[in-house]
Amino acid sequence: MSLDAAKEFFSCLALRHTPGLGPRSWKSILSAYESAYDAVSDARNWAARKVLPRNRAEVFLQEPWRPGAEAEYRAVRNASGSRARVITWFDPRFPQRLREIPDPPILLYLCGDATLLSNPAVAVVGARECTLLGLQSVERISADLSRFGVTVVSGLAAGIDRQAHQSALTGIGSSIAVLGAGLDIHYPPENEDLRRALEAQGLV
């Protein structure tokens, strides 16, 4: 990670670990600057620039975020052998569609092919305990979508999610798994084979 990327990453962590600041606040702050580093460096002027009320800007300036941000930063930098990468808000690879939702993430941890983030995509999700007809239907739908270059997005759960990923991996659209926990949490364990396949041929 370059020095500029490291500063940007840590700045995003500072915002994310500030009590009382959530996705809507991050979006308001970052929309007013050209980088997260510029944003946190100018925190004393947030109220004057009308990006955040004065009382909430003052909370940030007291640095209650520092222990959490530093711990997460060290954990990521010290993760030996990990293929995980970080994409922050201003990274060109960060999906524009995520920036436009009301409560966007400020950064993404990922492992696999980041170019899939720019593909047309369709979410395919469903029941963990599903019928044979459900599995057959999602197999056909996901395989056809991927064959035409559409990336299938699902949640790496058992049942419909698993079938959606497996079928999509057979085509050029491939598949993205959006986890309910961090990349360091391998759940469910019975889908570990699928997770490895997604990290190699798709994206987690």
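Strand S4 (residues 151–154) and strand S5 pair in the parallel sense over three bridges, where two strands pair if DSSP finds at least two bridges between them, and helices (H or I, at least four residues) and strands (E, at least two) are DSSP runs numbered from the N terminus. Within this pairing, serine 154 has alanine 177 of S5 as its bridge partner. The model is a predicted one, in which local features need pLDDT of at least 70 and side-chain atom pairs count only at pLDDT 80 or more, while totals for chains, interfaces and linings use all residues. Residues are numbered from 1 along each chain as its sequence is written, and side-chain values use heavy atoms, with hydrogens and water left out.

The pairing belongs to an open sheet of three strands in the order S3-S4-S5, with parallel pairing. Strand S3 (121–123) and strand S5 (175–177) are the edge strands, each pairing on one side only, and the twist averages 25° from one strand to the next. Axes here are lines fitted to C-alpha atoms, for helices over the stretch in contact, and angles run from 0 to 180 degrees between N-to-C directions.

Helix H8 (residues 160–168) lies across S4 and S5 and runs at about 160° to S4. Eight of the nine residues of H8 are buried, where buried means under 20% relative accessible area, exposed over 50%, and partly exposed in between (1.4 Å probe, protein chains only). Among the buried residues of H8 are Ile160, Asp161, Arg162 and His165, and the buried residues of this helix pack against helix H7 (132–147), S4, S5 and helix H9 (192–201).

The largest nonpolar core has 37 residues, of which Leu15, Ile29, Leu30, Trp46, Phe60, Ile106 and Leu107 touch the most other members; such a core is a set of buried Ala, Val, Leu, Ile, Met, Phe, Trp, Tyr and Cys residues joined through side-chain atoms within 4.5 Å. Helix H1 (3–16), helix H4 (54–61) and strand S2 (107–110) are among the elements that each supply at least two residues of this core, and the largest share, six residues, comes from H1. Leaving aside its neighbours within four places in sequence, phenylalanine 60 is in contact with Ala14, Leu15, Thr18, Val40, Ala43, Trp46 and Trp65, contact meaning heavy atoms within 4.5 Å. A second, separate core of nine residues includes Cys111, Leu156, Leu169 and Leu179.

Cysteine 111 counts as buried because its relative accessibility is 5%, whereas cysteine 130, at 27% relative accessibility, counts as partly exposed. A search of the whole structure finds zero disulfides, a disulfide being a pair of cysteine sulfur atoms within 2.5 Å.

The structure holds eight salt bridges, each defined as a side-chain nitrogen of Lys or Arg within 4 Å of a carboxyl oxygen of Asp or Glu. Three of them are listed below.

| Glutamate 63 | Arginine 66 | 2.7 Å |

Aspartate 144 and arginine 147 both lie in helix H7, three residues apart, about one turn of the helix, with aspartate 144 partly exposed at 31% relative accessibility and arginine 147 exposed at 51%. Because glutamate 199 and arginine 195 are four residues apart in helix H9, about one helical turn separates them, and both of these residues are buried.
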